[in-house]
Structures are given as structure tokens and as C-alpha cells.
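Please consult the sequence and the structure shown here alongside the text.

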Amino acid sequence: MSNSLEGKVAFITGAARGQGRAHAVRLARDGADIIGVDICENIASMTYPNASLADLEETERLVEKEGRRMVARKGDVRSYSDMLAAVEAGVQRFGRIDIIIANAGIVRLAGESDDFMQDWQDVIDTNLTGVYHTIRAALPHMRDGKRGGSIVITSSTAGLKGTASLNASGNAYAAAKRGVVALMQNLANYLAPEWIRVSTIHPTGVLSGMTQNDAMNALMAQAAEGGHNAISGMENALPLPILQPEDIANAVAFLVSEEAKFITGTQWPLDAGFTIR
């Protein structure tokens with residue numbers, strides 16, 4: 001699908017590393033310019049570091065290496081004003097938005113903090129409300145263009161299949177990832193007459209900052225020793241322990257392309273068979 005997105009502009013959150021970076025690079029390779037946002041600072045209730053400003057700058061370099069342009073902005077999806085500012089900066093430079101990828105997400109690994117309600121709130125504010133902020137900030141420009149468009153929301157296997165948990169952050173994660181499905185369906189129905197397509201993707205474990213850190217390593221070691229925790233018992237059907245972010249980006253590149261012009265309102269498991277186990 002080389003140059004299949006020529007002249008189009010994609011707004012991507014969580015763009016500094018992992019899936020967000022992979023989306024930015026892949027869509028740039030297909031011809032799109034990028035508006036990329038990332039918080040670039042840590043969240044106190046989380047147990048692993050977020051991406052840095054240097055990570056976001058590296059994404060910009062990689063997009064430019066593909067021959068495309070990028071507006072890279074530091075911004076928190078929990079702040080609607082941050083999303084508006086990023087969108088306005090991007091539209092001022094590129095004049096349009098054709099694709100929205102609401103990708104930013106967090107989860108606390110390991111046990112609850114002393115303030116478990118803060119664990120809950122930070123995840124809900126990022127993974128559910130942050131998705132709404134992202135879409136509502138960028139959607140007016142997409143609609144004004146009257147060219148149609150594509151919106152992809154990063155959900156999770158947790159948005160399709162629940163697991164046993166009382167952990168506040170884990171419960172918030174699952175609730176948010178299921179919640180964005182309802183949001184997607186509402187938007188897909190409403191926007192279909194304008195040829196704006198909306199879908200959720202539901203990845204299994206993906207190599208990223210969320211999965212490659214000391215907190216996750218500790219959970220994996222505990223699970224390997226027979227301990228019960230947030231990841232024990234989780235296993236893909238295919239003999240593939242973890243996906244690469246580029247695997248998800250390849251699927252998203254198809255979903256936002258004209259080859260998928262008839263696809264909307266779908267919940268696409270990118271899960272190596274996780275949800276059938």
C-alpha cells in the first residue's frame with residue numbers, strides 16, 4: 001500500500017514509542033503526514049516510566065526519514081485543552097486531518113497503591129476520557145473537510161474478555177477498554193453518512209514501554225513460579241508470546257486505507273488467538 005495515504009494527515013496519541021511510534025512511521029511510509037502527541041512525563045500512580053521528550057523527537061526523526069513531515073507536541077490526553085492545542089498546531093501546518101488514532105493508554109502494574117482510587121481515576125481519565133478528548137478535538141476538522149476519514153481506537157483483549165481481578169487499575173483498564181467499544185459504536189453509527197469510519201483494535205501483549213520494564217518483569221517472574229497475579233494464566237493460542245508494535249501498525253494501515261473503505265463499527269482482535277482460549 002505504498003503511498004496509499006499520499007496527501008493525508010494522521011493525528012496520533014501516545015506517539016513517542018511503542019504502538020504510537022509504529023503507527024506514525026508506518027502511515028508516513030504510506031504517504032501521510034503526522035500530528036503526534038505524547039505526555040512525555042511520568043504519572044505518579046503508575047509503576048513504569050512513560051516515554052520522554054527525546055522519544056517523541058526520535059519518532060519525528062523516523063517520520064522524516066520516511067520523507068514525511070511531523071508536528072510533534074507534548075500533551076496529556078487527560079487535558080482536552082492539550083488535545084485542542086496539538087490539533088490546532090497540526091492543522092495550522094497541514095490544513096487537514098483525515099485519520100485519528102486514539103492510542104495513548106496506561107495501566108498500573110503490580111499491586112494497588114495506597115490510594116487505589118487514584119489508580120482507578122488515572123486509568124479512566126487516560127484510557128477512556130482521553131480517547132474522547134482526542135476524538136472530539138480532531139473530529140471537527142475531519143468533518144469540515146467533507147472527505148470522509150477513519151478513526152481507530154486502541155482497545156485491548158481486555159475490551160473483549162475479562163479476567164479475575166479486584167485490582168483498581170486493572171479493573172479500570174478493562175472498564176475503559178470495554179467502554180471505548182461503546183463509544184466507537186455510537187460514533188460509527190453517527191458518522192457513517194459522512195463516510196467517516198470508526199473501529200476498535202484489540203491487541204494482545206505488544207512489545208512496548210508498558211510491557212518492557214522492571215514492574216512487568218517482576219510480574220512475569222512471579223507468574224513463571226506459579227504465583228497468581230495480573231498476567232498469570234494469560235497465553236495466546238498461537239505460539240507467539242508477544243507481538244511487535246509493527247504487527248499492529250500493519251493492521252491499522254490497512255484499516256485506515258481505501259482498501260478498508262467498507263469497514264466500520266468493528267472490534268478487531270489482533271490477539272494471536274488470545275480471546276479464544
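## Overall make-up

Of the 277 residues in the protein chain, 52% are buried (under 20% relative accessible area, with exposed meaning over 50% and partly exposed in between, for a 1.4 Å probe and protein chains only). The model is predicted, and local features need pLDDT of at least 70, side-chain atom pairs count only at pLDDT 80 or more, and totals for chains, interfaces and linings use all residues. Residues are numbered from 1 along each chain as its sequence is written, and side-chain values use heavy atoms, with hydrogens and water left out.

The protein chain holds seven helices and seven strands, where helices (H or I, at least four residues) and strands (E, at least two) are DSSP runs numbered from the N terminus. Read from the N terminus, the order of elements is β-α-β-α-β-α-β-α-β-α-β-α-α-β. Among contacts (heavy atoms within 4.5 Å) between residues at least 6 apart in sequence, 76% join residues at least 24 apart.

Helix α1 has twelve residues, and its span from first to last C-alpha is 17 Å, close to the 16 Å expected at 1.5 Å a residue; the expected span is 1.5 Å times one less than the number of residues. Ten of the twelve residues of α1 are buried, among them Gly18, His23 and Leu27. After α1 comes Gly31, with a positive phi near 110°.

How do the axes of α1 and α2 cross, and at roughly what angle? They come within 9 Å and cross at roughly 15°, which means that α1 is roughly parallel to α2 (angles under 35 degrees). The residues that meet across this pair are listed below.

| Helix | Range | Residues in contact |
|---|---|---|
| α1 | residues 18-29 | Arg21, Ala24, Val25, Ala28 |
| α2 | residues 53-65 | Asp55, Glu58, Thr59, Leu62, Val63 |

By class, this contact of α1 with α2 comprises five nonpolar, one polar and three charged residues.

## Arg96

Arg96 lies in the loop between α3 (80-94) and β4 (99-102). Its relative accessibility is 22%, so Arg96 counts as partly exposed. Leaving aside residues up to four places away in sequence, Arg96 touches Gly7, Lys8, Val9, Val91 and Arg147. Phe11 is 85 residues from Arg96 along the chain, yet their C-alpha atoms are separated by 9.9 Å.

How values were computed:
Axes are lines fitted to C-alpha atoms, for helices over the stretch in contact, and angles run from 0 to 180 degrees between N-to-C directions. Angles under 35 degrees count as roughly parallel, over 145 as roughly antiparallel, 65 to 115 as roughly perpendicular and the rest as oblique. Ala, Val, Leu, Ile, Met, Phe, Trp, Tyr, Cys and Pro count as nonpolar, Asp, Glu, Lys and Arg as charged, and the others, Gly among them, as polar.
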